[in-house]
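Dear colleague,

Please find below the structure I am handing over to you. A short account of the findings follows it.

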Amino acid sequence: MEILSSIGSEIIIYLQQIGAWLLIPMEIFTFMGDEWFYLFVAPIIYWCVSPGLGLRLGILLMFSAGVNSILKFLLHTPRPYWIEENVIPYSTNVSFGAPSGHAQNAVVLWGFLAYWIQRTWVWVIAIFLIFMISISRLYLGVHYPHDTLAGWLVGGLILIAYIKYEKPFLHWLNTKSAINKIGLAFLVSTLLLVIGIGLISITQEWRIPDSLADPGATPPLTNDVLKENYISGLITSAAALFGFSIGAIWISSYGGFSAEGNIWLRIVRSIIGIFGVGVIYEGLSYLFPEGYNLTAQIFRYIKYALLAIWIAGGGPILFIKLKVSTPAKLTPP
């Protein structure tokens, strides 16, 4: 691992020495691999382009994010700028390094889009974006090359497994009642949390090395901060995964909804949907307690589950009632 880190550091330093003029382009590429970018893109695709594609992307990304959080904590590898004095931290993160979440999620999202559209030019764009998003993480000093390679590997395995097993799984799922589907969604969400939080008890004797621990850093690097950030991220992913599933079950009771219509109908749906996200997020943030205690984390789960339910179910039902969309049976590709 030390050899990989040493070689990786040389690559990062070489990239950073190309010049600071690359900072803005690299920040743009890194934003295109950020979870918040995906959480904006997936709903827009769901509401205005293809409900089937958007829903799949939302569920895939939340599952991928949960798996990434678990693997990061399990491997607990440092980020380059934590230990390499010559690496410039153009960005900072309060989480461990491998596998790179940006690289992993880029493979999942852009890879699935290319698979769905099935056009050569889309594959070219997808591969380019996956590569550049990964390179941006090296340039910014937050990942080693082996972090991004690990992200590609995990993202590729998730993508291949989903593509291979989606149709037989949906065929089996469609034989189940709505209650059973809800129970299954909650089970998967709970398993992510149980496995993820269970790792804390398994690795509780591990401590961040004294050479890395720095309470005065921005953001601070301490065992407690890393653990709290990990739990919060895991809860967000698990809750959103459950919420997307509930929303999908809810809208299916209306026969699905259509994302078709002229540009103005699509814009109206986007405005209504995003406004609803803002109201729920800000409203619940004001009402629910903040912090890392058990009560705050339970409310965090509720908040992100409700947000995902709105995106996948509540918003589309409101679209239908406001006549900016119509019911339309969702069918697998």
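Helices here are DSSP runs of type H or I with at least four residues, numbered from the N terminus. The model is a predicted one.

By that numbering, Gln297 belongs to helix 12, which covers residues 294-321. Gln297 has a relative accessibility of 7% and therefore counts as buried, the cut-off being under 20%. Leaving aside residues up to four places away in sequence, Gln297 touches Ile231, Ser232, Ile235, Gly291 and Tyr292. Of these, Ile235 is 62 residues from Gln297 in sequence, yet their C-alpha atoms are 7.5 Å apart in space.

The next finding concerns a pair of helices. Helix 4 (residues 51-75) and helix 10 (residues 223-252) have axes that come within 9 Å and cross at roughly 155 degrees. Because angles over 145 degrees count as roughly antiparallel, helix 4 is described as roughly antiparallel to helix 10. Their crossing is left-handed. On the side of helix 4, the residues in contact include Leu55, Gly58, Met62 and Phe73; on the side of helix 10, they include Lys227, Tyr230, Phe244 and Ala248. By class, this contact comprises 13 nonpolar, six polar and one charged residues.

Finally, Thr77 is placed in the loop between helix 4 and helix 5 (80-83). Its relative accessible area is 14%, so Thr77 is buried. Not counting residues up to four places away in sequence, Thr77 touches Lys72, Trp82, Phe96, Gly97, Ala98 and Asp147.

Yours sincerely

Methods: Residues numbered from 1 in each chain as written. Predicted model: local features only at pLDDT ≥ 70, side-chain atom pairs only at ≥ 80, totals over all residues. Heavy atoms only, no water. Axes fitted to C-alpha atoms, helices over the stretch in contact; angles between N-to-C directions. Helix = DSSP H or I, 4+ residues; strand = E, 2+ residues; numbered from the N terminus. Parallel < 35°, antiparallel > 145°, perpendicular 65-115°, else oblique. Left-handed = near helix turned anticlockwise from the far one by under 90°. Contact = heavy atoms within 4.5 Å. Nonpolar A, V, L, I, M, F, W, Y, C, P; charged D, E, K, R; others polar. Buried < 20%, exposed > 50% of the residue type's maximum accessible area, 1.4 Å probe, protein only.
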